[in-house]
Amino acid sequence: MSVSSAFSRFCQYMWENYSKDGGKLLVHMGAAGWVLSSIAQITMLLSDKKIDKDQKKFLLPQEAADAVVNVGMYYSICEVIKKGGDWLVEKGHLLTDKVVNEILKLKPGAMETITPKEWKKLFTSKELGGKLTKILENAKDLNIVKNVSEAEKTRITSAAQKALDVLEQHKNNVGTISAILASILACNIVTPIVRNKLASNMQKDLQKKEDIKLAKHQISKNITMKNPLPASFKAFNNYNSFSGLKI
């Protein structure tokens with residue numbers, strides 16, 4: 001595969017997946033940025049010869065834990081909040097007047113007048129149970145077009161397509177704003193608190209293990225009789241001077 005062909009496929013993939021969902025792009029690119037920065041940080045630590053092995057024993061687990069927290073917390077928080085914004089739009093709880101006015105244009109001529117606050121009367125409860133974008137995409141199957149003329153049906157489906165375009169643009173804007181706010185929350189409030197707490201606990205645990213290791217080393221190498229006994233007391237040479245043994 002040539003470079004130009006690969007680039008074209010990449011551009012096509014980006015367009016198909018992110019052109020109508022800027023919020024998803026922000027979340028995925030932000031998470032990718034955290035992954036790359038974490039890899040760079042750990043690689044730097046591994047390759048730095050100025051840092052001795054004992055220091056790396058403490059720093060590497062901490063950096064690895066930081067990477068997991070940074071990526072995991074960022075992605076999960078942003079994804080949940082972003083999807084929450086999408087859900088509000090899809091269920092009709094977070095619509096602009098512009099979107100509502102476009103939806104009202106679906107009203108059949110024979111139907112009684114409804115106000116913007118009553119726009120849901122255009123659809124059945126079963127239809128409203130799904131996503132609003134799906135409702136507009138399948139306008140030809142809506143209950144309001146069952147008993148209308150072909151000309152009226154064509155007008156309603158055309159109005160639905162225009163309403164869908166406006167709705168998707170609004171949903172994209174909500175998703176982008178949600179992703180930005182979630183990113184601020186994750187990067188500046190939640191993640192630092194969790195990361196610092198985890199790092200503190202890890203440092204205490206590693207320090208405890210290091211202290212135990214050092215104590216064992218001291219017992220096996222350094223804690224012997226302060227004043228060596230005569231050769232005739234060879235059997236007692238391994239007694240600990242702190243054991244309270246008196247001769």
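## Basis of the model

Local features of this predicted model need pLDDT of at least 70, side-chain atom pairs count only at pLDDT 80 or more, and totals for chains, interfaces and linings use all residues. Residues are numbered from 1 along each chain as its sequence is written, and side-chain values use heavy atoms, with hydrogens and water left out.

## Salt bridges

The model holds nine salt bridges, each defined as a side-chain nitrogen of Lys or Arg within 4 Å of a carboxyl oxygen of Asp or Glu. One of them joins Asp 21 and Lys 82 at 2.7 Å, N to O. Asp 21 lies in the loop between H1 and helix H2 (22–47) and Lys 82 in helix H3, so the pair ties together parts that are 61 residues apart in sequence. Helices are DSSP runs (H or I, at least four residues) numbered from the N terminus. Both Asp 21 and Lys 82 are buried; buried means under 20% relative accessible area, exposed over 50%, and partly exposed in between (1.4 Å probe, protein chains only). Asp 21, Lys 82 and Asp 86 are linked in a network of salt bridges.

Within helix H7, Arg 155 and Glu 152 stand three residues apart, about one turn of the helix, and their side chains pair at 3.3 Å, N to O. Arg 155 is partly exposed at 34% relative accessibility, whereas Glu 152 is buried at 18%.

## Largest pocket

The largest pocket has about 370 Å³ of space. Of its 16 lining residues, Asp 21, Glu 90, Lys 131, Thr 133 and Lys 171 are the closest to the centre. A pocket is an open set of points on a 1 Å grid over the protein atoms alone, where a 1.4 Å probe fits, with protein on both sides within 12 Å along at least five of seven lines; lining residues have an atom within 4 Å of a point. The volume is the space filled by probe spheres set on the points, which are joined across faces, edges and corners. H3 gives the most to this lining, with four residues.

## Residues of helix H7

Ser 183 is placed in helix H7 (residues 150–221). Ser 183 and Tyr 74 are 109 residues apart in sequence, yet 6.8 Å apart in space, C-alpha to C-alpha.

His 170 also belongs to helix H7 and is buried, with a relative accessible area of 12%.

Definitions and conventions
Helices (H or I, at least four residues) and strands (E, at least two) are DSSP runs, numbered from the N terminus.
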